[in-house]
Amino acid sequence: MVNDLILLETFGKDEETTFLLPRRNDLKNDNGRIFYGKHRFKMLIIFLTFAILVSTFVISVISFWTVNSSDDDSPIQSTYSIDKFGNHSTLLKNDNYIKQCATIVSCDFNDKYRTINGTCNNLNNPTWGSSNTPFIRLVGAHYSDGISKLRISSDGKSLPSARKIQVQLFLYKQTNIPDINNQLLMQWGQFVAHDVSILEIDVNGEDCCSYQNQLSVSKACEAIIKIPMDDPVYSKYNKTCMEFTRAMTSINYSCSLQSSEPSTFMNDATHYIDGSQIYGSDDHTASTLRSYTNGKMKSVTREDDFQESCPYSFVGSSSSFNKTYSSNSGANSNLGMALFHDMFLRFHNFVALELKNAVPLWSDETLYQESRKIVGAVIQHITYTQFLPTILGKKYTEERVLAEDDDYIATVNPSTSQEFSAGAFRVLHSIVPAQHRFVDSKYITLRTINVTDWTDCPYLLRQGSNFDDLLRGLLFTEGRLRQPSYNPLISNLMFHSNNLIGVDLLSYDIQRGRDTGLPPYNKIRELCGLPVAKSFTDLIDVMPLDDIYDLEKLYSSVDDVDFLVGALLETPETDALVGNTSRCIIGDFFYRSRVGDRFFYDGKNLPKQFSSDQLEIIKSISLNHIICATSSVDNLQKHIFAKVDNGWYSSMKWTCNEKYIIDFKPWEKLFINLH
Ligand code: HEM
Ligand SMILES: [Ca+2]
């Protein structure tokens, strides 16, 4: 069925080049079925393949040599109007929640380590950024009743259905031009997303679609997504309703704010980038994940190669991670994510062992905390120096997000914003590829899997050499080019079971924006310093005319356009993967997350996290080092998120022993400073 839904073209025998795309005409043919078009236009394909290979060669050579150079002179857009201290007038800090419902915490001012739940990072506002506190809003909530009912059009009617928007604006806009980045880039993005944002959904087992024609429905079921009758995919299944449940609000967390206040949504994760997706965001979870021996995390070790993985339990014929393992941080969400959780579990335990060797008398507690501190620091370092420059552009990241003069600023609220979590960062769902490859050490593709076939089912990772093979697949397969649309599988088959039709992630994302009361696109333009669009044609400053026409057909006013919809249609900024408004919201979050974090790894103020020689080591650690420490993958390109071609350039890569060994000597000096 999956392959009925998508057109899958494999170009020649080139293992590197698998494309997935729906064709508008194919999708719309007589009986609506889609078919393989493998042998059509054979000569044209051979010619195109040749042209792509030649241009990939040229682009890869150029990017290999230029990607690490710093002479980037793309102009910075002067549109970032959020006060760089995060203090712009509209920033809503959810003070009412803090006053009425936040737990009272007492802090040990001398504590060297972050708390597990993120409290006591900011000593004046000890609950800022801690788990189970609200997302902050950069712009006030937008609901039709001012409290929780979904936003409506300016003409008083309902907004267009999220699925209708998907079909008319995005589904057919797939392009299969290979990206210069690899699939690992996407996976790092999701890993960081789960560190800083976990919005709990009100899943109560109700079949919301069965109530769709009833007058009163439960609150959780208020926002089901209407599917148009002529939907190119769902109509074949006679589906006119997509299940969707609303996110939990502070009320679900026993905090009823004033009845006149708009819904407040809670973040289950610590808002800081601190590895909470690995360690948990509350003391109970954290303690169930620890082995309490030599600072290590609990793991299962395979008998044949002694490789570790996260604890998991078998359910029927498959398995999922033991429910106690990061169950709310999305570890099971897809196979790539499960791989990252195994990788970081191994990395933590690797660091703990190295520290134990460096300082043999350290206790389990000190080894755990010091290892956790190093792992968290490395995640921050990779995010700010390897990931963000690729997503936001090098110059923008350096000048806006990493502005040198700003160190820790206690008045900056580090909390994840609703606009980031339910909007801007989800723009990167567009780089999620439809398929992953398993690649062996000779770079031969052993297997290709659909990304939607392995949700909540990571057992495949635990078989044979699959961990290394999938990792090689992520490293050496081109990523999905950033484009307005999401891939056809996550657009139709998310959470499908038994090969049946699933849900549409793009519809979900649009609807989640409405559910959480995100401001419409025009408000974010204003926030980010773009002129407020008075008519649709004013959007020409950031998006193509064709898309503007399509928007006009869907929405009755330019003021109604959903934030995510506008953000996806924006042309990416120079050197960036995202457009103007999403770059501004993502940049704002990562700026605040750095200067608002008292424990940021290279903060110059107190408490200093590392001695200067330790910091030098931390700053030399890249994702390459982590891969080398945790897998059998050797030979890595310097720019870890770049797609390089293995056949031709293996000499341009370094082996783990040549380049990527971590030196723990600076920790040995601590021998005298025992706990
Ligand atoms: C295979 C890859 C991925 C899959 C299958 C996936 C799937 C999902 C799903 C199902 C949701 C919840 C939707 C809802 O009900 O509102 C979600 C949320 C989210 N995703 Fe992804 N995603 C992937 C990759 C990414 C990437 C690459 C990023 C960003 C770089 C990202 C950022 C987010 C964010 C910020 C949220 C909101 C999280 C929360 O607050 O709970 N995701 N994703
Ligand atoms: Ca966190």
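Over which residues does pLDDT stay under 50, with 64 contacts beyond four places in sequence? This holds for residues 1–46, where pLDDT is the predictor's confidence in each residue, from 0 to 100, and two residues are in contact if their C-beta atoms, placed from the backbone, lie within 7 Å. Residues 323–328 also stay under 50, with twelve contacts beyond four places in sequence. The structure is a predicted model, in which local features need pLDDT of at least 70, side-chain atom pairs count only at pLDDT 80 or more, and totals for chains, interfaces and linings use all residues. Residues are numbered from 1 along each chain as its sequence is written, while chains are lettered from A and ligands numbered from 1 in the order in which they are written. The protein chain averages a pLDDT of 83, and 80% of its residues score at least 70. For the complex, the predictor gives an ipTM of 0.99 and a pTM of 0.87.

A view of the whole chain comes next. The protein chain has 23 helices and 14 strands; these are DSSP runs numbered from the N terminus, with helices (H or I) of at least four residues and strands (E) of at least two. Of the 675 residues, 47% are buried. A residue is called buried if 20 or more other C-beta atoms, placed from the backbone, lie within 10 Å of its own, exposed if 12 or fewer do, and partly exposed in between. Among contacts between residues at least 6 apart in sequence, 74% join residues at least 24 apart.

The largest nonpolar core has 139 residues, a core being a set of buried Ala, Val, Leu, Ile, Met, Phe, Trp, Tyr and Cys residues joined through C-beta atoms within 7 Å. Helix α10 (residues 364–392) gives the largest share of this core, 13 residues. Leu-339 and Leu-470 are among the residues with the most contacts inside the core. Not counting residues up to four places away in sequence, Leu-470 touches Leu-335, Leu-339, His-436, Phe-438 and Leu-461. Asp-342 is found in helix α9 (residues 335–358) and is buried because 24 other C-beta atoms lie within 10 Å.

Around ligand 1 there are 23 residues, the closest being Gly-189, Ala-193, Ser-197, Leu-199 and Leu-428; a residue belongs here if its C-beta atom, placed from the backbone, lies within 6 Å. Helix α6 (183–196) and helix α14 (505–515) each supply at least two residues of this shell, and the largest share, four residues, comes from α6. Beyond neighbours within four places in sequence, His-429 is in contact with Tyr-486, Ile-490, Leu-505 and Asp-509.

Most residues other than glycine have a negative phi. Tyr-443, however, has a positive phi of about 65 degrees; it is placed in the loop between β12 and β13 (445–450). Phi of Phe-495 is near 55 degrees, also positive, and Phe-495 is in the loop between β14 (478–480) and α14.
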